[in-house]
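Subject: Structure handover

Hello,

Here is the structure for you to look at. My notes follow below it.

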Amino acid sequence: MTAAEQIQDQVFPAPIKTVEAGSAAERAGVRPGDVLLRVNGQAVTDVLAYRHLLSQGRATLEIARPQEAPRVMTGVPGTAQDHHRLFLPTAPSLDDTFTFSVEWEDPGLEFEEVLFDGIKKCANKCDFCYVHQMPRGFRKSLYIMDDDYRLSFLYGSFVTLTNLSENDIRRIEDENLSPLYVSVHTANQDLRQDMMKWWRLKVKDPQAVQIRSMIERLEQIDLYTQIVLVPERNDRENLDETVEYLSSRPNVISAAVVPIGLTSHRTNLPDVRVFSREEAQDTLRRLNVWRRQFLAERGTRFVFPSDELYLLAGEPLPSEEEYEGFPMLENGVGMIRDFLTEGVPELPAALPEPRRVILGTGTLFAESLDRAVEPLRAIGGLSIEVRAVENKTFGKVTTVAGLLTGRCFRHAVKPGEADLLIVPPTTLRYGTELMLDDVSLDDLRAELRMDIRSGGSTLGELTRVILQGAQSSGPQFGMSAHAVKDTAEPISVQVAEQNMRGQA
Ligand code: SF4
């Protein structure tokens, strides 16, 4: 069998999560737990390919009902190993298959995962990568370094493009996977290679690492770009050159500029540092020149500094209008302005009973939050303290709220010292009450002997949580929802977590 035939022969069984009532799949007898094997005889790598095949009109779906396979025996009979022989389960058998067809109709299937063939890993070893700066002992998912253009299209996670094959590039073009979110960092090819240090053996197509030619080749695809800025590397004149280049490409919609984030766990990693206040101010001055020019010439500011840059520089945040609809919110661009946009609602003169509230946040945002909640201090009986929580897990140098862990709050808050502790929702694993180090809010409630809740996505919502003790509707508020993956959780969750770390 040739290599091409082998690939053609591969299948990526996709477990089915739900079957829509009354759908073609239900009529055909498909049940949750069954797996999709092929569509029109072809292997399907992900939901995008699945939808693409359905969009052709007539589609025949091959479904398997997994049967538990016999357990196999380990060890060699009649030897010393015989003593310790074990029966191990093997992968479920997928021999029990059936097909059904649809024509211009959604079959009604929802899958456990969006990627059936696994996540594409990155080919780089960036100087500023958060994964390389993680302490040991966290859940495995936090150490996965993904760089998957499909997730970029589906969820807006940033990719570097360096791991693309010619087939991937053609697929992006053919299926019009637009927009994509691309970490450019610099348009200077040598400098980009020096900052990202891709592994030659992991690069499938040498063309893919040429950032300018890739942006130009993907001319039909809208690109939201980001520049992770490293002092004395890709800043100053180099930043100007990068902004100038990106703005010259019609398919580049915008560029977010995010300062490097570090942790104290940088053993055997290149020596890099964070921006000083003066450097952050200088960067904003440069970018503001471009922003004014672009606004005058093309009606958009095009380049958007992240919140962190304004906080580092100690400069006021732009107005809501200047964020032009907040397209890069998940990348930490405009989150604070968005948070402040819904101001405090009508406040009571006093609370029925005294209440001590601690608002825990990262050291970077504490001062701004303190100013924002000032009006609430007029409420009789309400004592509010904004506590700048030092990061005991990643180190002092890590100042963003989203990387605070249960351990940090254990150090920062004494048992019983308040009635309510509010933590930023970005400290919680998406859709759960678990922090990055798997400490749950319930664990903290018991240890700190107080009510603990996550805040809201806006100041108004945070105020309501403070006043009513109302449960927040989910992880929102504060710094983005970026960071990680776990084979046991849906990719969408993994991407949300990854974004929290702002990697790639
Ligand atoms: S920052 Fe992203 S692209 Fe760079 S090494 Fe880390 S995971 Fe890979």
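This is a predicted model. Begin with strand β13, residues 350–362, and strand β15, residues 420–423. Three bridges pair them, in the parallel sense. Within that pair, L359 sits opposite I422 of β15.

Those two strands belong to an open sheet of four. Its order is β14-β13-β15-β16, and the pairing is parallel. β14 (380–389) and β16 (451–454) are the edge strands. Each has a single partner strand, so one side of each lacks a neighbour in the sheet. From one strand to the next, the twist averages 25°. Helix α14, residues 441–448, lies across β15 and β16 and runs at about 150° to β16.

Next, the cores.

The largest nonpolar core has 83 residues. Which of them have the most contacts inside it? They are V182, L229, A255, V257 and L421. Strand β10, residues 223–229, gives the most to this core: five residues. Domain 2 (131–331) and domain 3 (340–480) both contribute residues, so the core lies between them. In soluble globular proteins, nonpolar side chains tend to be buried together.

Setting aside neighbours within four places in sequence, V182 is in contact with F158, V159, L161, L223 and T225. There is also a second, separate core, of 19 residues. Among its members are L109, V114, F116 and I119.

Now helix α6, residues 189–196. Its buried residues are R192, M195 and M196. Viewed down the axis of α6, they fall within an arc of 85°, so they line one face of the helix. An α-helix has 3.6 residues a turn, so residues three or four places apart point the same way. What lies over the buried residues of α6? The cover includes α7 (211–217). Just after α6 comes K197, with a positive phi of about 45°.

Last, some antiparallel pairing.

Strand β4, residues 58–64, pairs with strand β2, residues 35–39, in the antiparallel sense over four bridges. There, V35 stands opposite A64 of β4. β4 is also joined to strand β7, residues 97–103, by seven bridges, and those two strands run antiparallel as well. A59 has V102 in β7 as its bridge partner.

Best wishes

Key:
Residues are numbered from 1 along each chain as its sequence is written. This is a predicted model: local features need pLDDT of at least 70, side-chain atom pairs count only at pLDDT 80 or more; totals for chains, interfaces and linings use all residues. Two strands pair if DSSP finds at least two bridges between them. Axes are lines fitted to C-alpha atoms, for helices over the stretch in contact, and angles run from 0 to 180 degrees between N-to-C directions. Two residues are in contact if their C-beta atoms, placed from the backbone, lie within 7 Å. A residue is buried if 20 or more other C-beta atoms lie within 10 Å of its own, exposed if 12 or fewer, and partly exposed in between; C-beta atoms are placed from the backbone. The arc is that of the directions from the helix axis to the C-beta atoms. A nonpolar core is a set of buried Ala, Val, Leu, Ile, Met, Phe, Trp, Tyr and Cys residues joined through C-beta atoms within 7 Å. Domain bounds come from an automatic or database domain assignment.
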